[in-house]
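Good morning. Please have a look at the sequence and the model on the screen, and I will go through a few places in them.

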Amino acid sequence: MTKTPILQIDNLHAGVEGKEILKGLTLTIHAGDVHALMGLNGSGKSTLAAILAGRDGYEVSKGTVTYMGHDLLDMDPEVRAREGVFLAFQYPVEIPGVNSTYFLKAALNEIRKHRGQSELDAIDFLALVREKMKLLELGEDLLKRSVNSGFSGGEKKRAEIFQMAVLDPILAILDETDSGLDIDALKTVAEGVNKLRRPDSAQLVITHYQRLLNYIVPDHVHVMADGRIVKSGDKSLALELESKGYDWILKSS
Amino acid sequence: MSTSTDTIESLVKQDYKYGFVTDVESESAPPGLNEDIIRLISTKKQEPQWLTDWRLKSYRHWLTLKEPQWQFVKYPPVDFQDITYYSAPKQKDDAPKSLDEVDPKLLETYEKLGIPLRERARLAGVAVDAVFDSVSVGTTYREDLAKQGIIFCSFSEAVREHPDMVRKYLGSVVPYTDNYYAALNSAVFSDGSFCYIPKGVRCPMELSTYFRINAAKSGQFERTLIIADDHASVSYLEGCTAPMRDENQLHAAVVELVALEGSEIKYSTVQNWYPGDEQGRGGIYNFVTKRGLCKGRNSRITWTQVETGSAITWKYPSCILLGDGSKGEFYSVAVVNNRQQADTGTKMIHIGKNTRSTIVSKGISAGHGQNSYRGLVEIRQSAENARNFSQCDSMLIGNSCGAHTFPYIEVKNTTASVEHEASTSKIGEDQIFYCNSRGLETQDAVNMIVNGFCKEVFKELPMEFAVEAQKLLGVSLEGSVG
Ligand SMILES: Nc1ncnc2c1ncn2[C@@H]1O[C@H](COP(=O)(O)OP(=O)(O)O)[C@@H](O)[C@H]1O
Ligand SMILES: [Mg+2]
């Protein structure tokens, strides 16, 4: 008996302004699994992430995306978020003047409302925040500042994973979370992500380098080139890629 | 999926909630402007001769002036002979002695606007002077304030009851020769508020004037004069609305503030005059002269304004920093949408030693709105060690609006330090998508982003009015300033 997958992408063709970027991408993600999506710059990884999260401006010309048995592409981005989809941005966006804690509380309460749960008050929310903060060794002062405003590259990435910890998604998509992190920060973030692994949720970890996969150990590794997945395997594929380079795959595929 | 720009634009479109007309019988002067009309206004108000003469002098000066053209706004010429300069709700006998005698229809009007005047319902902690067209219909909490020697009444009453003080200060900050609209106002001003805070008294509540234009084709020309004596302090708030009409209506007020030694005046405006419709029909022309004089040492004047209404806004609340060590501050949020135009900013004139000024201006443009910041920082030769900091930020919503910045800096003393920072940002689809991706609706996202942008200004407003201002930004915000 097979369970309903969390995410099922079937022959997805999509582009922007008439330019096709995804050219027949197929990928299935089951609960409890961590998938790594690798590929050279420009292969379409961020485009896939944006389409999954529901960013405006992409045209899907062919294929389907099913999330927990429902048509994902039919949902507004905020509905996807409330249904448990979370995207950790490659380039997190600054929102000056909007307090980080306030922002995150508003987001969490939208999600809780959607799930029929009661909204958290300031006290309960703060308790939750403190607990999750330990996970990422995040300084409390970051939360007093405006959303991502003036954060260093590393702080932004950590703040993204912190949001993920608080919002507790079913499908987390991490877009190049490792870029801009030094090795210590990378370890902290990776440990945080690992602690968030649950049997009923899944992670899609997008990365360019194998480095992150030393700490977040994937169950499946996919290599993307020119808008589609050209090779899939287990974690050894990432190592192979590291030693042989992308050329090897691109030639053999 | 619609583009998020469309969504944002539809969100900032909202109906004007205060557009109703009150059906009261009013007594109006015939339209048109001449010396007889001015004498009529003066007689109606039982004014002393010196004031009638002052009005006539102003009128004659006005006749020699031309309407200014330099501001970055466009509108057809105003026909000053087509305006009614005096309109007042008819009273049974004389002026009502107390609020109980005020026409219930008027009280109802203010209730509908959220400004209850009746004793039982009046706002706690805020004394209100309600001005309806050309006259003040009532002032709350007067007796309580009088116990501390604070005078808070309509301008007409002040002329009758405190003529010496009015005579001493009227025109002392904004002379009738100052500019076209100030001259016009000096000739025809009808009513407004007067307050005096005696030496050493901190005014225990917010003082507030609520202006309402009701009559068609009438102009509103009110005059406000606030004097804080040595070491006194007061916080004052001005609010305003008008019915929706297809013609443009003129509002040309003058506000004068005088701060004596060690005193503080905080003047906050939440301006919500009818802005006209989507095509730009109707709306108020808001041509206002506001100026404060920091006369005494270490005095301080703070202007905070949230400008969301009017078809055209043209105003520069300014500070003359005469006293050594005095401080002037200007915090402004100006929002334009549809066909609205705003040309607003401030002037900080440093004359005394060690004077300081701060300017924080936030302009938000949506629809086809045009928003200009115009500011002058002048450091005179006498102003040793003067300091100024200016920050002007603009936010654009959509592609058809505009933001413009015109900073003027004149420094005549080398010890001065003047800093100017400016930025323009577009409310980003990135920012909205980021919020969406965390579960927030676009409307809530826009509210949050806009409020975040205005935060530095909102924190200067008295608490209750900060909430009001957020609502006025065009969307119901529900405490989203974090
Ligand atoms: N908004 C856009 N408009 C035009 N081309 C785009 C846009 N976004 C991405 N692309 C192009 O699509 C390709 C894939 O980009 P991206 O998804 O960012 O790749 P990756 O994340 O794998 O580096 C690149 O060639 C890029 O230039
Ligand atoms: Mg990318």
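Cys203(B) is buried, at a relative accessible area of 13%; buried means under 20%, exposed means over 50%, and partly exposed is in between, with a 1.4 Å probe and protein chains only. This is a predicted model, in which local features need pLDDT of at least 70, side-chain atom pairs count only at pLDDT 80 or more, and totals for chains, interfaces and linings use all residues. Side-chain values use heavy atoms, without hydrogens and water, residues are numbered from 1 along each chain as its sequence is written, and chains are lettered from A and ligands numbered from 1 in the order in which they are written.

Now the cysteines. A disulfide is a covalent bond between the sulfur atoms of two cysteines; here it is counted when the two sulfur atoms are within 2.5 Å. How many disulfides does a search of the whole structure find? Over all chains, zero. For Cys203(B), the nearest cysteine sulfur belongs to Cys195(B), 7.8 Å away.

Next, the metal. Which residues coordinate the magnesium ion, ligand 2? They are Ser46(A), through OG, and Gln90(A), through OE1, at 2.1 to 2.4 Å. Donors are N, O and S atoms within 2.8 Å of the metal, or 3.2 Å for Na, K and Ca; water is not among the atoms, so sites may look incomplete. Ser46(A) sits in helix α1 (residues 45-53) of chain A, and Gln90(A), 44 residues apart from it, in the loop between β6 (85-88) and β7 (95-99). Helices (H or I, at least four residues) and strands (E, at least two) are DSSP runs, numbered from the N terminus. Ser46(A) is partly exposed at 30%, while Gln90(A) is buried at 16%.

Last, a helix pair. In chain A, α3 (residues 100-114) and α6 (residues 153-167) pack at about 35°, their axes 10 Å apart. Axes are lines fitted to C-alpha atoms, for helices over the stretch in contact, and angles run from 0 to 180 degrees between N-to-C directions. Among the residues that meet are Phe103(A) and Leu104(A) from α3(A), and Phe162(A) and Val166(A) from α6(A); contact means heavy atoms within 4.5 Å.
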